[in-house]
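The following note sets out several points on the model shown below. They may be read alongside the coordinates.

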Amino acid sequence: MAGFVVILDQWSKVTVRANLDVGEIWAPWHWLIPYARILYIENSGAAFGIFQGMNSFFSILAVLVAIAIIYYFPQIPLEDWLIRFALCLQLGGALGNLIDRINSGLVTDFISVWIFPVFNIADASISVGTALLILGMVLKERKEQQRKESLDESMAEQLNASTLPPSEE
């Protein structure tokens, strides 16, 4: 999944760079431009254009995040598929933007929706991956809490059954 995100991200960025100049806008219909458009910009900061000029910091951070995900991923049980999927999205996004940073020192952003900051597929993958990771962790915690409560009830029933006086027959 991470590889798919990297490929899709890089393909989309190559397509934008080949067909638009920096600052140029494209939309299939003119009336769509205020709401959704392709706007080619370059960014030396983080997702959505924040922290401009920190390319080296974010390159190092992307490498560290990728290493952490690759290390941690095999330790996640297969049944925690949502957490695994979230980490794949985050890894793909981190690597997609890292490739840009290594190649040119700038990340290509191009998805522009209404007044939301311009972003790319890697940024979207990181953001969706983070939201899914939080959701996955909340659901896992809730499941573990329910299992614990069920176990506590079962143990209480067994304790009650063993402390009852024997029935007279």
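1. Ser59 is a residue of helix 2. The structure under review is a predicted model, and the remarks below should be read accordingly. Ser59 has a relative accessibility of 15%; because the limit for a buried residue is under 20%, Ser59 is classed as buried. When neighbours within four places in sequence are left aside, Ser59 is in contact with Leu98 and Arg101. Both of these partners belong to the part of helix 3 that meets helix 2.

2. Ala66 is likewise found in helix 2. Its relative accessibility is 6%, and Ala66 therefore counts as buried. Not counting residues up to four places away in sequence, Ala66 touches Leu91 and Leu95, two residues that helix 3 contributes to its contact with helix 2.

3. How do the two helices pack? Helix 2 (residues 55-72) and helix 3 (residues 81-104) meet at an angle of about 145 degrees, and their axes are 9 Å apart. The crossing of helix 2 with helix 3 is left-handed. On the side of helix 2, the contact includes Asn55, Phe58, Ala62, Val63, Ile69, Ile70 and Tyr72; on the side of helix 3, the residues include Leu87, Gln90, Ala94 and Leu98. Sorted by class, the contact comprises 12 nonpolar, 3 polar and 1 charged residues.

4. The sheet is open and contains 3 strands in the order 1-2-3, with antiparallel pairing. Strand 1 (25-26) and strand 3 are the edge strands, each pairing on one side only. Strand 2 (residues 36-43) and strand 3 are joined by 6 bridges and run antiparallel. Within the sheet, Asn43 stands opposite Val107 of strand 3.

5. Is strand 3 largely enclosed or open to the outside? Of its 7 residues, 5 are buried, so strand 3 is largely enclosed by the rest of the structure. Helix 1 (residues 2-19) lies across strand 2 and strand 3, and its direction makes an angle of about 85 degrees with strand 3.

6. Asn120 is located in the loop between strand 3 (107-113) and helix 4 (121-163). Although a loop residue, Asn120 is buried, with a relative accessible area of 0%. Its side chain forms a polar contact of 3.2 Å with the side chain of Asn97, and also reaches the backbone nitrogen of Ala122 at 2.9 Å.

7. Which residues does Asn120 touch, not counting those up to four places away in sequence? The set consists of Asp9, Lys13, Asn97, Val107, Thr108, Asp109, Phe110 and Ile111. Val107, one of these contacts, is the residue of strand 3 that stands opposite Asn43.

Terms used:
Residues numbered from 1 in each chain as written. Predicted model: local features only at pLDDT ≥ 70, side-chain atom pairs only at ≥ 80, totals over all residues. Heavy atoms only, no water. Axes fitted to C-alpha atoms, helices over the stretch in contact; angles between N-to-C directions. Helix = DSSP H or I, 4+ residues; strand = E, 2+ residues; numbered from the N terminus. Left-handed = near helix turned anticlockwise from the far one by under 90°. Contact = heavy atoms within 4.5 Å. Nonpolar A, V, L, I, M, F, W, Y, C, P; charged D, E, K, R; others polar. Buried < 20%, exposed > 50% of the residue type's maximum accessible area, 1.4 Å probe, protein only. Polar contact = N/O pair within 3.5 Å; in protein donor to acceptor, adjacent residues only side chain to side chain. Pairing = 2+ DSSP bridges.
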